[in-house]
Amino acid sequence: MEPQKSIIREFLTTGWIVALLGAGIMIVRLLTDDKKTSIFFQVKRVVVSACGTSFAWYIFEQTDINSFYKAITYGIVGLTTPEIVNGVVKLGKKFERSPEDFIKR
């Protein structure tokens, strides 16, 4: 792959499939879950998973790793991205409330 100039072209040819993979994995996870959730919540999780796998694609597209390992990584990222984002948001809110207590720990 050429430097930064062709990353958009590469995403349009192959990267969008990875975003669909992450979204599809999250859809399957939500369909097999027993909890009742709103449509907005489900759509939000699917979009976050698609964004997370796209970010992972961007990172791994520039490395020389076996495609099998890349595919496994994309699947794991698609499954776990919403929880990671929720954890980061919770940490940010705790830090916002009392930064001194957060730093002392």
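Let's start with Phe-40, which sits in helix α2. In this predicted model, Phe-40 is exposed, because its relative accessible area of 62% is over the 50% cut-off. Phe-40 and Glu-96 are 56 residues apart along the chain, and their C-alpha atoms are separated by 26 Å.

Now for the overall picture. What does the secondary structure of the protein chain come to? The count is 4 helices and 0 strands, and reading along the sequence gives the pattern α-α-α-α. The chain is more spread out than a compact globule, because its radius of gyration is 17 Å, well over the 13 Å that the globule rule gives for 105 residues. If you want a box for it, the C-alpha atoms fill roughly 45 × 35 × 20 Å along the principal axes.

Buried residues account for 23% of the 105 residues in the protein chain. The accessible surface is about 7,900 Å², and carbon and sulfur atoms own 67% of that. As for contacts, take those between residues at least 6 apart in sequence: 65% of them join residues at least 24 apart.

On to charges. The protein chain carries 14 positive and 10 negative side chains, with the centres of the two sets 7 Å apart. Side chains of opposite charge can pair when their charged atoms come close. How many salt bridges does the structure hold? There are 2 salt bridges, and here they are:

| Salt bridge | N to O distance |
|---|---|
| Arg-29 and Glu-83 | 2.6 Å |
| Glu-83 and Arg-45 | 2.4 Å |

Take the pair of Arg-29 and Glu-83, whose side chains meet at 2.6 Å, N to O. This pair links distant parts of the chain: Arg-29 belongs to helix α1 (residues 7-32) and Glu-83 to helix α3, 54 residues apart. Then there is the pair of Glu-83 and Arg-45, whose side chains meet at 2.4 Å, N to O. This one also links distant parts of the chain, with Glu-83 in helix α3 and Arg-45 in helix α2 (residues 39-61), 38 residues apart. Put together, salt bridges that share partners join Arg-29, Arg-45 and Glu-83 into one network.

How accessible are the members of that network? Arg-29 is partly exposed, with a relative accessible area of 30%, and Glu-83 is partly exposed too, at 34%. Is Arg-45 buried or exposed? Arg-45 has a relative accessible area of 12%, which is under the 20% cut-off, so Arg-45 is buried.

With 54% relative accessibility, Val-88 is over the 50% cut-off, so Val-88 counts as exposed. Between Val-88 and Glu-10 there are 78 residues of separation along the chain, and their C-alpha atoms are separated by 30 Å.

Note on methods
Residues numbered from 1 in each chain as written. Predicted model: local features only at pLDDT ≥ 70, side-chain atom pairs only at ≥ 80, totals over all residues. Heavy atoms only, no water. Helix = DSSP H or I, 4+ residues; strand = E, 2+ residues; numbered from the N terminus. Rg over C-alpha atoms; globule rule 2.2 N^0.38 Å. Buried < 20%, exposed > 50% of the residue type's maximum accessible area, 1.4 Å probe, protein only. Contact = heavy atoms within 4.5 Å. Areas by Shrake-Rupley, 256 points an atom, 1.4 Å probe, with all protein chains shown as cover. Lys, Arg positive; Asp, Glu negative; His and termini not counted. Charge placed at Lys NZ, Arg CZ, Asp CG, Glu CD. Salt bridge = Lys/Arg side-chain N within 4 Å of Asp/Glu carboxyl O.
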